Amino acid sequence: MILSAALLPLLAAGNAGLGPGDHNRSLDVDKRPRHYLVHIPRSYDGSKPCPLVLAFHGGGSNAQQMVRFCGLNDKADQAGFIVVYPSGTGRLETALTWNGGNCCGYAMLNKVDDVAFVRALLDDLAQIVKIDPKRIFATGISNGGIMAYRLASELSERIAAIAPVSGPVGTEKCSPKRPAAAIHFHGTDDDFAPFKGGKGTKSLTATNFYSVDDSIRAWVKANGCALEPQETKLPEKVKDGTAVTRTTYGAGREDAEVVLITIQGGGHTWPGQEPRVKLLGKATKNISANDLMWEFLQKHPMRE
């Protein structure tokens, strides 16, 4: 492999690495080729450990589409964290899924070990980028949000906190080795992964989804949070037919919190980002999921 001149300072600093910008990585896990995209912020110079956010695409999508869908690259450049977009598995490269437990599609039916993939991804990336091991976070939309929950349960020794969007828990049990703070975004008019659970009227899968309440209660219990939450109605910035409420369950073990951001009138969308497909429903402009999740995640590094 020929290294560009831009990478030589990083090598000289002892980091055999990637420089700012966008990169593609591949590796084999369980005899299966896997891929992920990496966006390294402009401020990164390899001199100090950098936070990392894993961003998982939804079912029937892929990493490239997730980059456009969530807009996290801009936030990463502004705040100075690395964002990684892993690719799921499937028969078509444009329609991939994650094995989040009870969802979805190819990955679930073929029992793909996506937890092992993420573990291998983190090991691979750590060889070429200086990552802060105490500030590795996960987010995702829909099936990707479901995957974030599974990682918090089964890879809690690596994942400090999560921020699922329109994706409930997908496993019957929640048993993290350590508490992992969680902020969950969900619209009440989500027709794909319904707020109250069950089968989505527009979902392409037959998944009987757990409800948002199931998800929140599971993690409140796992993190040992206060059972009585504090509820706050967030300011209405624009009149777009949505209203946002923040429900916080605090004072958990190792200061872990569980926060629910409820978007009244919101669809299967990424708050603050314009949905590319109207079928997904309405995306609120009253909040930015990227701003709120980063504010939350940076408050919850892994404790000693």
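Which residues form one aromatic cluster? I looked this up in a predicted model, and the members are Phe56, Trp98 and Phe117.

Next I checked Phe117 for a charge over its ring. I found the charged end of Arg34 there, 3.9 Å from the centre of the Phe117 ring.

I then turned to the aromatic pairs. With ring centres required to lie within 6.5 Å, I got a count of six aromatic pairs. I took Phe69 and Trp270 as one of them: their ring centres are 6.5 Å apart and their planes stand at 80°, so I noted the pair as edge-to-face. The cut-off behind that word is an angle over 60 degrees.

I asked where the two partners lie in the chain. Phe69 belongs to helix H2 (residues 63-70), while Trp270 is in the loop between strand S12 (258-264) and helix H8 (289-297), so the pair ties together parts that are 201 residues apart in sequence. I also looked up whether they are covered, and both Phe69 and Trp270 are buried.

Last, I went over the whole chain. I counted eight helices and 12 strands. Along the principal axes, the C-alpha atoms fill a box of roughly 50 × 40 × 40 Å.

I noted that 58% of the 304 residues count as buried. Among contacts with a separation of 6 or more, 63% come from residues 24 or more positions apart.

Note on methods: Residues numbered from 1 in each chain as written. Predicted model: local features only at pLDDT ≥ 70, side-chain atom pairs only at ≥ 80, totals over all residues. Heavy atoms only, no water. Phe/Tyr/Trp six-rings, centres within 6.5 Å; stacked < 30°, edge-to-face > 60°. Helix = DSSP H or I, 4+ residues; strand = E, 2+ residues; numbered from the N terminus. Buried < 20%, exposed > 50% of the residue type's maximum accessible area, 1.4 Å probe, protein only. Lys NZ or Arg CZ within 6 Å of the ring centre and 35° of its normal. Contact = heavy atoms within 4.5 Å.
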